[in-house]
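Visitor: I have a model open and would like to learn how to read its features. Could you walk me through it?

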Amino acid sequence: MSTDSSPLKDLDVLDAERQERYALSDREAITTDKPREAFRSYSRAEDDPVRAFYRLHHRYQTLDFVKAKKREYLTRDRRRMGIWEAMEFLNTLVDESDPDTGLSQIEHLLQTAEAIRKDGHPRWFILTGLLHDLGKILCLFGEPQWAVVGDTFVTGCAYPDSIVYAEFLRENPDSNVPAYQTLCGIYEPHCGLDNVHLTWGHDEYLYHVVRDYLPEPALAMIRYHSFYPWHREGAYTHLMDAQDAERLRWVQAFNPYDLYSKSAVRPDVAQLRPYYEDLIAEYFPPVLRW
Ligand SMILES: [Fe+2]
Ligand SMILES: [Fe+2]
């Protein structure tokens, strides 16, 4: 993969950037081991990997791109594997970050699930924590980072200013299509967020893989967990239907676990595995289509 398509050495950099972005407004914020200056110490803005990442993300995530990726991936004929197997597959994604300090993908999933479990939430909620980033296997199918991670937004309608690095959206070809730049664009007012085309990435992909097996709140958490302009910034109310208000509450309940569950204490994968294998078997068949 060229450096142009992979400005981030480590996908965790995005989580850390969001953590910094929202920490001041979150009383429940748990401090991390990562130095805060890590994301603001670039003498030249162009050297900031998060900025470079969003420049690509916002330039290339067009409505046509999203539709093309849905045609490509939603046939789900790439692999057949169970949930734990998918976790191990995702774990083969090797970031360039220091392997001694970075958490593996499985460790992030287990830390998220364990934090939800400790707070006494229902079993489907714990399971959602375990699964929520499995769509990142898109990286292993050769997708560039900007087609896998990053805050999502709605394509085919006007971009709210609250999108992170919104200035880069000027480089998106859709910004020159008048039909896509009205408030609702190609959508009807209050059409419901399940009926819009969000930017393509791990959230949307995983939603389609698991949608037959999990309750509605879990599906909302999975599909919208990177939709920060909506669940953190309050944008897109004009596209929400009656059910979306409740979905918003669920996604907001999930968000702190995704943002703040990272800790240096590594979960004991072997010790936790039997509990999670049982939980997976409660909801999923042994093999799913990916
Ligand atoms: Fe995620
Ligand atoms: Fe996550």
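Visitor: How are α6 and α11 oriented to each other, roughly parallel or roughly perpendicular?

Guide: First, a note on the model. It is predicted, so local features need pLDDT of at least 70 and side-chain atom pairs count only at pLDDT 80 or more, while totals for chains, interfaces and linings use all residues. Residues are numbered from 1 along each chain as its sequence is written, with chains lettered from A and ligands numbered from 1 in the order in which they are written.

Now the general idea: two packed helices are described by the angle between their axes and the distance between the axes. Here α6 (123-131) and α11 (residues 269-283) pack at about 110°, with axes 10 Å apart. α6 and α11 are therefore roughly perpendicular (65 to 115 degrees). Helices here are DSSP runs of H or I, at least four residues, and strands are runs of E, at least two, numbered from the N terminus. Axes are lines fitted to C-alpha atoms over the stretch in contact, and angles run from 0 to 180 degrees between N-to-C directions.

Visitor: Which residues of α6 and α11 meet?

Guide: Arg-123, Trp-124, Ile-126, Leu-127 and Leu-130 of α6 meet Tyr-276, Leu-279, Ile-280, Glu-282 and Tyr-283 of α11. Contact means C-beta atoms, placed from the backbone, within 7 Å. These residues divide into eight nonpolar, no polar and two charged (nonpolar: Ala, Val, Leu, Ile, Met, Phe, Trp, Tyr, Cys and Pro; charged: Asp, Glu, Lys and Arg; polar: the others, Gly among them).

Visitor: Where is the kink in α10?

Guide: In α10 (residues 242-260), a kink of about 25° lies at Phe-254, shortly before Pro-256. The bend is the angle between axes fitted to the seven residues ending at a residue and the seven starting there. Phe-254 is also one of the buried residues of α10; buried means 20 or more other C-beta atoms within 10 Å, exposed 12 or fewer, and partly exposed in between, with C-beta atoms placed from the backbone. The buried residues of α10 pack against helices including α1 (12-23) and α6.

Visitor: Which residues have a positive phi without being glycine?

Guide: Most residues other than glycine have a negative phi, and most peptide bonds are trans. Tyr-165 has phi near 50°, and His-190 about 55°. Tyr-165 is in the loop between β2 (154-155) and β3 (197-198), and His-190 lies in the loop between β2 and β3. Tyr-165 is partly exposed because 16 other C-beta atoms lie within 10 Å; for His-190, also partly exposed, the count is 13.

Methods: Contact = placed C-beta atoms within 7 Å. Parallel < 35°, antiparallel > 145°, perpendicular 65-115°, else oblique.
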